[in-house]
Amino acid sequence: MKILKSIVYIALSSSLLLAAPQQGKKNKQLQNIIQTGKKSSLLLLKTLGSNMKKNMKAGGPMQALDFCSQEAYTLTEQVNKKLPQGVTVKRISSKYRNPANQPQGNEQEVLSSLKKLQSLHVILPKQIVQKVNNHTYKYYKPLIIKKKVCLKCHGDIKNVALKHAINERYPTDMAKHYKMGDLRGAIVVTIDKSVK
Ligand code: HEC
């Protein structure tokens, strides 16, 4: 009995010893992914945010709209060029304005799950990481409407000229009638570790 106990003990402790370094490596890899995700999503947010502010200040919502519809996409491409090989960033939304921002694959399910959690009064995390395959990960940063300025173009739009211009440019627009605190979508950073 005693022998059996010590055999079990040895087996257990050696498997723990084996598992420990591997666990450490996995944690480190996850930390790296989160780090890359954070940096890349912030770069996009800051680039779009600062330009939006500048245009809003200079020419109000109409000029800011021109900026969003003419440059948001190009600026996203420029940010992508600055990122390391194998890393790309984009914006997605279930109720997208630009069809180019439509969720791909199971991204829609991730967004629906976040929305479901929010409806249960779960305070959403700053980020979640999805393992796509052995070498690809997706970092999602949930985007929540926190600033009133977002509602100028994504809420119940009061400015008639602006509303008209949005409808004209985006005939299939779904990105309206949001309220403060709503989940607007997410920034997705795809990280492919096999690309060096
Ligand atoms: C001046 C109008 C305007 C304001 C203000 C504005 N947006 Fe937008 N937003 C747009 C337009 C136009 C697009 C589509 C851009 C494109 O064609 O790529 C868009 C697209 C987006 C998208 C990409 C998904 C989609 O629907 O295509 C997100 C996410 C988003 N906006 C979030 C926000 C948030 C958060 C704020 C507040 C900080 C905000 N927007 C403020 C006009 C605006």
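Which residue is the only protein donor of the iron atom of the ligand?

## The iron and its donor

In this predicted model, where local features need pLDDT of at least 70, side-chain atom pairs count only at pLDDT 80 or more, and totals for chains, interfaces and linings use all residues, the only protein donor of the iron atom is His 154, through NE2 at 2.1 Å. Donors are N, O and S atoms within 2.8 Å of the metal (3.2 Å for Na, K and Ca), and sites may look incomplete because water is not among the atoms. Residues are numbered from 1 along each chain as its sequence is written, and side-chain values use heavy atoms, with hydrogens and water left out.

His 154 belongs to helix α3, residues 148-154 (helices are DSSP runs of H or I with at least four residues, numbered from the N terminus).

## The shell around the ligand

The ligand is surrounded by 20 residues, of which the closest are Cys 150, Cys 153, His 154, Tyr 170 and Arg 184; a residue is near the ligand if one of its heavy atoms lies within 4 Å of it. The largest share of this shell, six residues, comes from α1. By residue class, the shell divides into 13 nonpolar, four polar and three charged residues, with Tyr and Cys counted as nonpolar and Arg as charged.

Conventions: Helices (H or I, at least four residues) and strands (E, at least two) are DSSP runs, numbered from the N terminus.
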